[in-house]
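Q: Could you take me through this model, contact by contact and ring by ring? I will ask as we go.

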Amino acid sequence: MTSANAGHLVILAHGLIGSRGDWKPFIRTWETLVTGVTPQHHLLRISFPRLNTMGGIDRLAQRACIQIEDFLAERPGEFKYFSILGHSLGGVYAKGLVALRSEHPHFVRLLPKNFITFASPHLGSRRSPLNPAHVFTKILVGRTGRQLLMEDRRRLLLRITHDALSELKAFERLVAYANTNMDWIVPYDTSSIRPSSSSSSSSSSSSSSRHGSCRAKGKVITAIHLPVHCKCNRDLADDEAAAWLASKHSQDSLLPLLLDGDDGGAPEGAKLQAAEAEEDETSATSVGSQHAESAVGAVNDCAAWYVETLYEELSTLPWIRVDVSIKSLASHIEIIRHPEVVTHAFTNFVW
């Protein structure tokens, strides 16, 4: 294939304790929709051993980048565009993936098109400490669980979001599919990038003013929320958040943490082990400025502050939010299996 008709690489990222097999029903439906006029493309499934998905979002992002880079290195000039589809945790480490791609010579040449998530915890996975899902995440999901609960010292979920913003802005289409009910793993507010009902009323009203909604005619896709504008009006607390994020970005960014220590092999990379140990030893207030110290203190006192900060960061982007109603106890995985959802993603795909 020449550069004149170079193809489109569609990257599929699975979730926590998932596998590349999670995407099989999605691919079957997708392939039935392909016609003679569909641009040439390839579906590349990222794959990790199930237990390795507990080792940290940062590790998953780096190793996903290595898999993509290795794939592209064997096919120079074959692809011009790329899109990412992430299910559950896959939509989270996909943000870290795009933040890191500038260090990969083949991957960085591709032009971004679609960034699509299905039931992904964009705002973390914090719940009441008594909620069984919160307890499960904290005790059994390892380093990844601490990062999703935002209880790790490095606050990696915030840093990944901040580092990825400029790359995400380059995508032509950003979409978040969210289950409106019966998803016991990733609640609606975090997968649809909305403050929960416990958030401040100002944030809730801000959310509704930024997005227009329309009813969908499908049986499963019930509503589509289109971005009206994405400019955030920050108050004092937001300024403190921005100062803290800027401090972390300049002093302890995701990029140097990953690129200066893990060769993409086993999870026991020396630098990443040191980083994990530092999470338990380093004071959360030692981030380098008065604003940062006060911000971190506020975080430790009120976890909702972090969710608000994540929401404000992500709300600078023109997300299309798609509500999905699948009446099944397995709705979390069914969201990438249901033909109506796959068809909607395909027919609205930007080639």
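Q: Apart from neighbours within four places in sequence, what is His104 in contact with?
A: His104 is in contact with Cys65, Ile66 and Glu69, where contact means heavy atoms within 4.5 Å.

Q: Where does His104 lie, and is it buried or exposed?
A: His104 is found in the loop between α3 and β4 (111–118). Its relative accessibility is 12%, so His104 counts as buried. Buried means under 20% relative accessible area, exposed over 50%, and partly exposed in between, with a 1.4 Å probe and protein chains only.

Q: What should I know about the source of these values?
A: This is a predicted model: local features need pLDDT of at least 70, side-chain atom pairs count only at pLDDT 80 or more, and totals for chains, interfaces and linings use all residues. Residues are numbered from 1 along each chain as its sequence is written, and side-chain values use heavy atoms, with hydrogens and water left out.

Q: How many helices and strands does the protein have?
A: The protein has 15 helices and eight strands. Helices (H or I, at least four residues) and strands (E, at least two) are DSSP runs, numbered from the N terminus.

Q: Back to rings, then. How many aromatic pairs are there in the whole structure?
A: The search finds 16 aromatic pairs. Rings of Phe, Tyr and Trp (its six-membered ring) pair if their centres lie within 6.5 Å; planes under 30 degrees apart count as stacked, over 60 as edge-to-face and the rest as tilted. One of the pairs is Phe82 with Phe107, which is edge-to-face at 5.1 Å centre to centre, with 70 degrees between the planes.

Q: Which parts does that pair tie together?
A: Phe82 belongs to strand β3 and Phe107 to the loop between α3 and β4, so the pair ties together parts that are 25 residues apart in sequence. Both Phe82 and Phe107 are buried.

Q: What geometry does the pair of Phe346 and Trp351 have?
A: Phe346 and Trp351 are edge-to-face, at 6.1 Å centre to centre and 70 degrees between the planes. Phe346 is buried, with a relative accessible area of 10%, whereas Trp351 is partly exposed at 24%.

Q: Which residues form a cluster through ring pairs?
A: Ring pairs link Trp23, Phe26, Trp30, Phe118, Tyr177, Phe346, Phe349 and Trp351 into a cluster.

Q: And helix α15: what do its buried residues pack against?
A: They pack against α1 (24–33), β4, β5 (173–179), β7 (221–227) and β8 (319–324). The buried residues of α15, which spans residues 339–347, are Val341, Val342, His344, Ala345 and Phe346.

Q: Which charged residues lie over ring faces?
A: Arg101 lies over the face of Phe107, 5.6 Å from the ring centre, and Lys113 over that of Tyr81, at 4.7 Å. The criterion is NZ of Lys or CZ of Arg within 6 Å of the ring centre and within 35 degrees of the ring normal.

Q: Switching to the backbone: what is the phi of Ser88?
A: Phi of Ser88 is near 55 degrees, a positive value in a residue other than glycine. Ser88 sits in the loop between β3 (79–87) and α3 (90–100) and is buried, with a relative accessible area of 7%.

Q: What about Ile193?
A: Ile193 is not a glycine, yet has a positive phi of about 55 degrees. Ile193 lies in the loop between α7 (188–191) and α8 (201–210), and counts as buried at 0% relative accessibility.
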